[in-house]
Amino acid sequence: MTSFGRLLGILSLLLILHWEYGTGSPLCNTPDNAPCVLDHPCASNIMTQIRNQLAQLNRSAKDLFIAFSKAQGEPFPSDMRKICSHGFIKFPPFHANGTEKDKLVELYSITVFFVFSLDDITKFQKTFIRKDQNLHSKLKSTMDILAGLRSNMLCRLCSGHNMRPTDPISGLDISQKDWFHKKKLGCELLIKYARLIPVLARDF
């Protein structure tokens, strides 16, 4: 292999690692000669809709975490905060003092990370904890609100700032974990989400 070939291989690996462990989905300013195009115009009150969706998520986050913990069985219900509070999951950063565009980009990255992570966890729950309809209902409701929030953010980023996502980011990878660690990662994700969403609802 030539030196150039080795360099390309190293750069490719670094790029894969960056997005596998990175904290957000990249967005780019669309060039002037290729404007961001929408299928439909954004609602005139789209920023209000985004804030309302954050408020909805905030109201339901604690109940979702509690329902999830109870559904996992012992030792989660009796010791959920101790088990779930100590982990290495990190959401992408959010800066309340940023511009509208900066906050939208950061909120979009947080939402994408959470959606992909929660989707994997929901699939596991549906497969192995089928009977808890209360949990499944709360997971579905949260995913539905997140889908609307993501759509609204994309619309505002495109129409207001000529920006659109370029590459998706994956969330948590729980595929190789055993049952207990799948449950633990889900619990860690949801307790950190329950602590983050009030900040987003207040400061966005």
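Predicted model: local features only at pLDDT ≥ 70, side-chain atom pairs only at ≥ 80, totals over all residues.
Q: What do the side chains of K140 and D144 form, and how far apart are their closest N and O atoms?

A: The general idea first: side chains of opposite charge can pair when their charged atoms come close. In this structure, K140 forms a salt bridge with D144, with 2.9 Å between the closest N and O atoms.

Q: Is K140 buried or exposed, and how accessible is D144?

A: K140 counts as exposed because its relative accessibility is 53%, and the cut-off for that class is over 50%. D144 has a relative accessible area of 43%, so D144 is partly exposed.

Q: How many salt bridges does the model have?

A: The count comes to 5. One of them joins the side chains of D119 and K123, at 3.2 Å from N to O. Both residues lie in helix α4, 4 residues apart, or about one turn of the helix. D119 has a relative accessibility of 27%, so D119 counts as partly exposed.

Q: Which salt bridge involves K184, and are its two residues buried or exposed?

A: The side chain of K184 meets that of E188 in a salt bridge, at 2.4 Å from N to O. K184 and E188 are 4 residues apart in helix α6 (residues 179-203), so about one helical turn lies between them. Both K184 and E188 are buried.

Q: How far apart are A61 and I197, in sequence and in space?

A: A61 and I197 are 136 residues apart in sequence, while their C-alpha atoms are 7.6 Å apart in space. A61 is found in helix α2, and with a relative accessible area of 2%, A61 is buried. Not counting residues up to four places away in sequence, A61 touches Y193, A194 and I197.

Q: What share of the chain's contacts comes from residues 24 or more positions apart?

A: Among contacts with a separation of 6 or more, such pairs account for 83%. Of the 204 residues of the chain, 40% count as buried. The chain exposes about 11500 Å², and carbon and sulfur atoms supply 56% of that area.

Q: How many helices and strands are there, and what is their pattern along the sequence?

A: The chain has 6 helices and 2 strands. Read along the sequence, they follow the pattern α-β-α-α-α-α-β-α.

Q: What backbone details can I look for at P75 and N162?

A: Peptide bonds and backbone angles are the things to check here. The peptide bond from E74 to P75 is cis, with omega near 10°, and P75 is placed in the loop between α2 and α3 (76-85). N162 is a residue other than glycine with a positive phi, near 50°. N162 lies in the loop between α5 and β2 (163-165) and is partly exposed, because its relative accessible area is 23%.

Q: Where is the confidence lowest, and where is it highest?

A: The chain averages a pLDDT of 82, and 80% of the residues score at least 70. Helix α1 (residues 3-21) has the lowest confidence, at a mean of 36, and helix α2 (residues 46-71) has the highest, at 96. Over residues 1-26 the pLDDT is below 50, and this stretch has 23 contacts in the model beyond near neighbours in sequence.

Notes: Residues numbered from 1 in each chain as written. Heavy atoms only, no water. pLDDT = per-residue confidence, 0-100. Contact = heavy atoms within 4.5 Å. Buried < 20%, exposed > 50% of the residue type's maximum accessible area, 1.4 Å probe, protein only. Areas by Shrake-Rupley, 256 points an atom, 1.4 Å probe, with all protein chains shown as cover. Salt bridge = Lys/Arg side-chain N within 4 Å of Asp/Glu carboxyl O.
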